[in-house]
Every structure is written in structure tokens, then in C-alpha cells.
Amino acid sequence: EINGHSVAPSKRIAIVGGGLVGSLNACFFAQKGFHVDLYESRADIRTATKVAGRSINLALSHRGRAALRAVGLEGHITTEGIPMYARMIHDLDGSTHAVPYGTRPDHFIISIDRRRLNEVMLNMAEKFPLVKFHFNHRLVKCNLESGDMTFSISGGATVEHTADLVIGCDGAHSAVRGVMEKKILFDFKQEYIEHGYVELETPADKSGDYAMAKNYLHIWPRDTFMLIALPNLDRSFTTTLFMPFKQFDQLTTETAVTNFFRATFPDAVKLIGENHLVKSFMDTKPSSLISVKCKPYHSGRAVIMGDAAHAMVPFYGQGMNAGFLDCLMFHELMDQYNDNFDLVLPAFTKMMQPNGEAIVDLAAYNYIEMRHLVNTWSYYFRKKMDNFLYRLMPNSWVPRYTMVTFTLTPYSKCIEHRDWQDKMLTRAAWIGGTTIVAMALCAVLPLAQMEDYLEHSTRIGRTFSRVVRGTKSHLGYSQFFLRHAWRYSN
Ligand SMILES: Cc1cc2nc3c(=O)[nH]c(=O)nc-3n(C[C@H](O)[C@H](O)[C@H](O)COP(=O)(O)OP(=O)(O)OC[C@H]3O[C@@H](n4cnc5c(N)ncnc54)[C@H](O)[C@@H]3O)c2cc1C
Ligand SMILES: Cc1cnn(-c2ccc(OCc3ccccc3)c(C(=O)O)c2)c1-c1ccc(Cl)c(F)c1
């Protein structure tokens with residue numbers, strides 16, 4: 001009996017990867033009384049001086065919060081998370097426009113410190129006597145059927161371990177998934193995007209206060225370049241620049257960097273401080289961004305979760321949230337199937353693989369939308385319209401971002417909703433467009449000529465549809481353009 005839970009038979013769980021998802025999984029399994037061995041290739045981040053990380057803080061939203069709540073970490077979120085009630089859009093002239101994230105009181109996202117969250121979860125799991133951490137252990141081999149694993153440890157030596165269940169939480173370049181990829185019927189796809197990112201810091205101002213409004217997700221949408229800033233507890237902002245690598249490659253001198261930022265993000269230059277900006281920019285190599293989709297998520301007695309199963313580009317702020325949701329759903333299935341791994345693993349793939357694939361696609365779609373069709377004005381207009389329609393028809397027009405971020409609607413349903421919304425917008429655009437043309441013609445043409453016009457236009461219409469049929473792909477593009485142009489242009 002441990003903490004009111006009946007102690008599971010001495011089933012040994014191996015968690016490969018002690019990042020955000022691995023450490024949350026350790027909490028779940030520990031609380032159920034399992035034997036847990038967590039293997040992490042890096043050193044213990046709790047004692048390391050500097051941790052090379054991907055993003056210093058992250059946006060936590062409903063899906064991730066539900067998982068943290070399930071292991072009793074809601075308190076951590078409340079004390080250490082910083083709510084962001086709206087996006088603050090920064091214009092080129094330095095003016096800012098806020099658009100609230102939602103009409104509901106709980107519609108806000110939370111800026112959370114990655115390292116602190118990781119440490120808190122490791123500390124929570126380590127309290128359990130049956131949990132053991134093995135840092136500086138990199139998985140190099142794994143037999144998915146027997147659960148036998150080989151780890152390389154410092155000094156080039158290797159050690160062997162075995163487990164009843166192997167959980168691959170080892171990130172986008174997962175070694176566990178690497179073994180699965182050799183199996184027949186295992187599908188795998190990865191894609192690097194042309195954008196990279198660097199993280200800068202916007203320090204507190206001279207009075208020691210936040211340099212910008214605190215409870216906002218600050219966004220500088222500049223078509224192909226995007227800058228965002230999320231608040232930290234030390235009153236700084238972690239400021240991330242997303243930009244194509246080919247542009248990074250052109251910014252090789254301090255002058256080029258200064259000129260670029262002055263031209264593109266003039267207000268940010270003042271807030272970050274020009275010297276600090278140039279120095280940290282020149283000292284940082286841009287990191288890459290990758291999407292990974294695969295199927296199934298299990299093989300033999302191994303299962304993968306988090307970025308190992310569905311790494312996505314960060315343009316939805318959902319990667320960690322999706323990985324945390326994997327943990328929550330896996331443990332709900334464990335309860336449902338009474339810890340029978342032979343039933344839980346296939347059920348996990350069946351339930352979560354379509355959703356993992358959907359959020360990877362949704363994030364990629366956002367990347368395209370935000371890159372191609374977004375500057376300050378169109379971003380602002382799009383968000384104002386989303387909120388207006390949502391208030392008007394709360395049950396039918398739920399903005400995609402709201403559905404993904406503030407509900408537990410399966411990601412696969414959010415993608416269906418996206419296609420429906422896009423269809424409605426396209427139809428509305430055609431109706432809106434033709435109505436405006438007809439009204440304009442009525443205003444300038446006497447009625448008699450209108451009949452001629454209609455006669456001609458049907459003939460023109462027939463010709464046009466013949467031409468259109470011949471250039472289907474052209475229509476596809478123009479529809480895409482129309483769909484988006486209508487949203488942002490009129
Ligand atoms: C710029 C950026 C911004 C982001 N912003 C957000 C955001 O706002 N909100 C959000 O929800 N998500 C965000 N994400 C995504 C989020 O960071 C990831 O989804 C999340 O970190 C995935 O956690 P994970 O534990 O699955 O993988 P990881 O965090 O990658 O952890 C994997 C762990 O496994 C270890 N490991 C790797 N290989 C091995 C091996 N062979 N043996 C042993 N250990 C191994 C690694 O050292 C690491 O500790 C962002 C990502 C980026 C890059
Ligand atoms: C870290 C985090 C948490 N959420 N979001 C996020 C993502 C997308 C959004 O809109 C998509 C859209 C805007 C305009 C037009 C179409 C789609 C919004 C929003 O609604 O403001 C917020 C991010 C984020 C991450 C990276 C970049 Cl580059 C970025 F800008 C924001």
C-alpha cells in the first residue's frame with residue numbers, strides 16, 4: 001500500500017528521457033506504486049549550472065494543465081506560472097494592440113519556466129522509494145520485445161538494464177523510436193522547416209519592473225519574420241526570433257544585425273538594449289525546427305510519447321501540452337485496462353496517434369498562415385474577427401486557436417473544424433465578393449442594361465468555368481489565396 005494506491009506487482013517501468021514528458025510520466029507511474037527507472041542522457045539539471053535548453057519558458061494551456069493537475073501540480077502552475085490574458089501585437093511604428101484570448105475568465109495561457117517545471121516534476125517523482133534516476137545514461141540499444149536496453153555512460157562504457165515496459169520520452173530524435181523505425185509496418189516522416197530561431201532576453205527596465213506589459217504574449221508579426229516574448233518571474237521576457245536560416249546567414253556583422261532590428265522591430269531594440277541585443281544575437285547560433293509524424297506509437301513492450309511520437313513546429317505553443325496529454329491519456333487507459341500493458345499500448349496508439357498527427361499538421365498550417373498572410377494589421381483584424389464571430393455564434397464559430405488551446409476537444413476534431421471553417425469562409429467570400437460586384441453594377445448600370453449584363457455574364461460564366469476546369473490547380477491556389485486574402489484584405 002503506497003499513498004493509498006495498491007502497490008502494483010513489481011513491474012519495472014523504464015522511462016527513457018528525463019525532459020518534461022519523461023519526468024511527468026515518472027510522477028504518474030510513481031504515484032501508482034510502480035518500480036520506475038528513469039534514464040536521462042544529460043546530467044541532472046537540478047545541479048547543473050547552465051542547462052542548454054530549447055526554450056527557456058513555454059506557454060502552458062488547458063491540455064497540459066489537466067495533466068499537471070492529475071499529479072497534483074496545479075499549485076506549481078498557480079505560484080510560478082504567469083497568466084497571459086491577451087496577445088499584444090506590436091506594429092512597426094511601435095504602437096501596440098491587445099486582443100484578448102477569450103471571452104471566458106479561464107481563457108488565458110500561462111508562461112512557465114521550462115527548467116523549473118522539469119525540476120519540480122523530478123523532485124516530486126524522486127520522493128517515491130521505488131523511483132530511481134540514472135543521469136548521464138544515453139540509450140544506444142533496445143530490444144522492444146524483451147525490454148533489454150544498453151546505455152552508454154560517461155567514459156564510453158556501457159551498462160545493461162531491462163524492464164517490463166519501456167517508455168520512449170526521448171524527444172524529437174528519439175532512440176526508442178529509432179528502433180521502432182526498423183520494424184515493418186512502422187511509418188515515419190520528419191521535416192525540417194526553413195525557419196530557425198534564436199532566444200534573446202528582454203531584461204527588466206531600470207526600475208526593475210517588466211519592460212513591457214506583463215500579462216501578455218507579445219507578438220511582432222512581420223510576414224516571414226516573427227518575434228515573440230513571454231514573461232518570466234524575474235521580470236524579464238524570453239524573446240524568441242523566428243526567421244529563415246538564409247536570413248540568419250546574412251546577419252553576420254554587428255551593423256547588419258543593428259540595421260535589421262532597427263528596421264523590423266524598432267521598439268524591441270529599445271527594450272532589449274541595442275548592445276545587449278547585438279552581443280547575444282552574435283553569440284547565438286540559430287536552432288532548427290522539426291516536425292515528426294509516425295505510426296504506431298507502440299511496438300512490443302515499448303511505447304513513445306511527447307516529441308518522440310509527434311514533434312511539431314512551435315507555432316501553436318502546443319508541443320509540451322500535447323506530450324503532457326499523452327501522459328494523462330495513457331494513465332487513464334491504465335486505469336481502464338487495469339494496468340494490462342498488452343491492452344493499454346494498442347489502445348494508446350488507437351486513441352492518440354490520430355491526435356498527435358493532427359496537432360503536428362495544425363502547427364504546420366499555422367506556420368504557413370502566420371508566415372504568408374500576417375502582418376500587424378491582418379493579425380489584429382483576424383483575431384478581432386475571430387472573437388467577434390465567437391461572441392456572435394459561440395456554439396458554431398469557435399476560433400481554431402480557442403478550440404486547440406482552451407478546450408480538450410481532440411486535436412483530430414479541431415482539424416475537421418478547421419476545414420469546415422475554411423469552407424464557410426471561402427463560401428462567404430464568394431457570396432460577399434459577388435454581392436459587392438452586383439451592388440456596384442446596380443449602382444452604375446441602368447436596369448435595362450442589367451439584363452444584358454446578366455445574359456453576357458452567364459455566357460462569360462460558362463466560358464470561365466470551362467477555363468477554370470482546365471486550370472484546376474490554378475483555382476486551388478486562387479481559392480487558398482481568396483480564402484486568406486478575404487480574411488485579411490476587406
Ligand atoms: C522554440 C520552441 C518553443 C516552444 N514553445 C512551446 C510552448 O510555448 N508550449 C508548448 O507546449 N511547447 C512548446 N515547445 C515544444 C516543447 O518544448 C516540446 O514539445 C517538449 O519539450 C517535448 O518534451 P519531451 O519530454 O517530449 O522532449 P524533450 O523536451 O526533448 O526531452 C527529451 C529528453 O530525452 C533526453 N534524451 C534524448 N535522447 C536520449 C537517449 N538516447 N537516452 C536518454 N535520454 C535521451 C534528452 O536529453 C531530453 O532531456 C517549444 C519548442 C521549441 C523548440
Ligand atoms: C508560444 C505561443 C502560444 N500561443 N501562440 C500562438 C500561436 C498562434 C496564434 O495565432 C495563429 C494565427 C495568427 C494569425 C493568423 C493566423 C493564425 C496565436 C494567437 O492567437 O495570437 C498564439 C504562440 C506562438 C508561437 C510562435 C509564434 Cl511566432 C507566435 F506568434 C505565437
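**Ground rules.** I am working on a predicted model, where local features need pLDDT of at least 70, side-chain atom pairs count only at pLDDT 80 or more, and totals for chains, interfaces and linings use all residues. Residues are numbered from 1 along each chain as its sequence is written, chains are lettered from A and ligands numbered from 1 in the order in which they are written, and side-chain values use heavy atoms, with hydrogens and water left out.

Next I went through polar contacts (pairs of N or O atoms within 3.5 Å). A polar side-chain atom of Tyr379 sits 2.6 Å from an oxygen of ligand 2, and one of Tyr101 is 3.5 Å from an oxygen of the ligand. Tyr401 has a side-chain N or O atom 2.7 Å from a nitrogen of ligand 2. On its own the ligand exposes 650 Å², of which the protein buries 98% (Shrake-Rupley, 1.4 Å probe).

**Salt bridges.** I used a side-chain nitrogen of Lys or Arg within 4 Å of a carboxyl oxygen of Asp or Glu. That rule gives 23 salt bridges. I noted burial alongside: buried is under 20% relative accessible area, exposed over 50%, partly exposed in between (1.4 Å probe, protein chains only).

- Glu74 pairs with Arg65, closest N and O atoms 2.8 Å apart; Arg65 is buried at 14% relative accessibility.
- Arg177 pairs with Glu181 at 2.9 Å between the closest N and O atoms. Arg177 is buried at 3%, whereas Glu181 is partly exposed at 31%.
- Lys279 meets Asp283 at 2.6 Å, N to O. Both are exposed, and both lie in helix H9 (residues 274–283), four residues apart, about one turn of the helix. I take helices as DSSP runs (H or I) of at least four residues, and strands (E) as runs of at least two, numbered from the N terminus.

Strand E9 (residues 138–142) runs antiparallel to strand E10 (residues 148–152), with four bridges joining them. Cys142 stands opposite Met149 in E10. Five residues lie between the strands, and Gly147 takes a positive phi near 85°.

Key: Polar contact = N/O pair within 3.5 Å; in protein donor to acceptor, adjacent residues only side chain to side chain. Pairing = 2+ DSSP bridges.
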